[in-house]
Amino acid sequence: MSKNSKMILKNCWEINRCERHTSGKKVHELGECIASKEGMGHSCWAIAGTLCGDEVQGSVGKKHTSCSKCEVYNLYHRTAGTHGQLIKEIFPAENTKYRQIILDKIHQISGINNNNSLSTS
Ligand code: SF4
């Protein structure tokens, strides 16, 4: 992949132009989106409480239907997205966080106690 990969693989706030990222024009309304704060601009469907659509979103389960129709999800979902594999390679730190969220969710479902750093509920 070229040196411009990071620019081509835009963050969700660049794709959706929400202005909820650091220094975005709407940060004064509801604060900076957790996807931006946590550097998860290619993984926002996996985090609860994002600010898409100008309101605080609920749990990952509740927002799944709308996220699954979103361009960000369809580009960057690690298995279903057209660029999911590239995100793993180009943004390893973000991918490590994403993997931890998925593992925490699996542990939560299976009843194993774990420390979540990012909430999915
Ligand atoms: S998750 Fe939604 S509201 Fe949050 S930064 Fe991304 S596009 Fe904007």
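Modeller: Keep in mind that this is a predicted model. One place to start is Asp54, which is partly exposed at a relative accessible area of 45%.

Biologist: Why is Asp54 called partly exposed?

Modeller: Buried requires under 20% and exposed requires over 50%. Asp54 has 45%, so the label in between applies.

Biologist: What makes the contact of Lys26 and Asp54 a salt bridge?

Modeller: The limit is a side-chain nitrogen of Lys or Arg within 4 Å of a carboxyl oxygen of Asp or Glu. The N to O distance for Lys26 and Asp54 is 3.3 Å, so the pair qualifies. The two residues are 28 residues apart, with Lys26 in the loop between helix H2 and helix H3, and Asp54 in the loop between helix H4 and helix H5. Lys26 is partly exposed, with a relative accessible area of 27%.

Biologist: How do you know whether Arg20 is buried or exposed?

Modeller: Arg20 has 1% relative accessibility, and the cut-off for buried is under 20%, so Arg20 is buried. Its salt-bridge partner Glu29, at 3.3 Å from N to O, is partly exposed with 45%.

Biologist: What makes Lys97 and Glu38 a link between separate parts of the chain?

Modeller: Lys97 lies in helix H8 and Glu38 in the loop between H4 and H5, so their pairing ties together parts 59 residues apart in sequence. The N to O distance is 3.1 Å, which is within the 4 Å limit, so this is a salt bridge too. Lys97 is partly exposed at 33%, and Glu38 is partly exposed at 26%.

Biologist: How much space lies in the largest pocket, and which residues are closest to its centre?

Modeller: The largest pocket holds about 170 Å³ of space. It is lined by 11 residues, and those closest to the centre are Trp45, Ala46, Val60, His64 and Ile102. H5 and H8 are the elements that give two or more residues to this lining. The largest share, 4 residues, comes from H8.

Biologist: What is the make-up of the lining of the largest pocket by class?

Modeller: The lining has 7 nonpolar, 3 polar and 1 charged residues. Trp45, Ala46, Val60 and Ile102 are among the residues closest to the centre, and Trp, Ala, Val and Ile count as nonpolar.

Definitions and conventions:
Residues numbered from 1 in each chain as written. Predicted model: local features only at pLDDT ≥ 70, side-chain atom pairs only at ≥ 80, totals over all residues. Heavy atoms only, no water. Buried < 20%, exposed > 50% of the residue type's maximum accessible area, 1.4 Å probe, protein only. 1 Å grid on protein atoms, 1.4 Å probe; cavity = no way out; pocket = protein on both sides within 12 Å on 5 of 7 lines; lining within 4 Å. Points joined across faces, edges and corners; volume = space filled by probe spheres on them.
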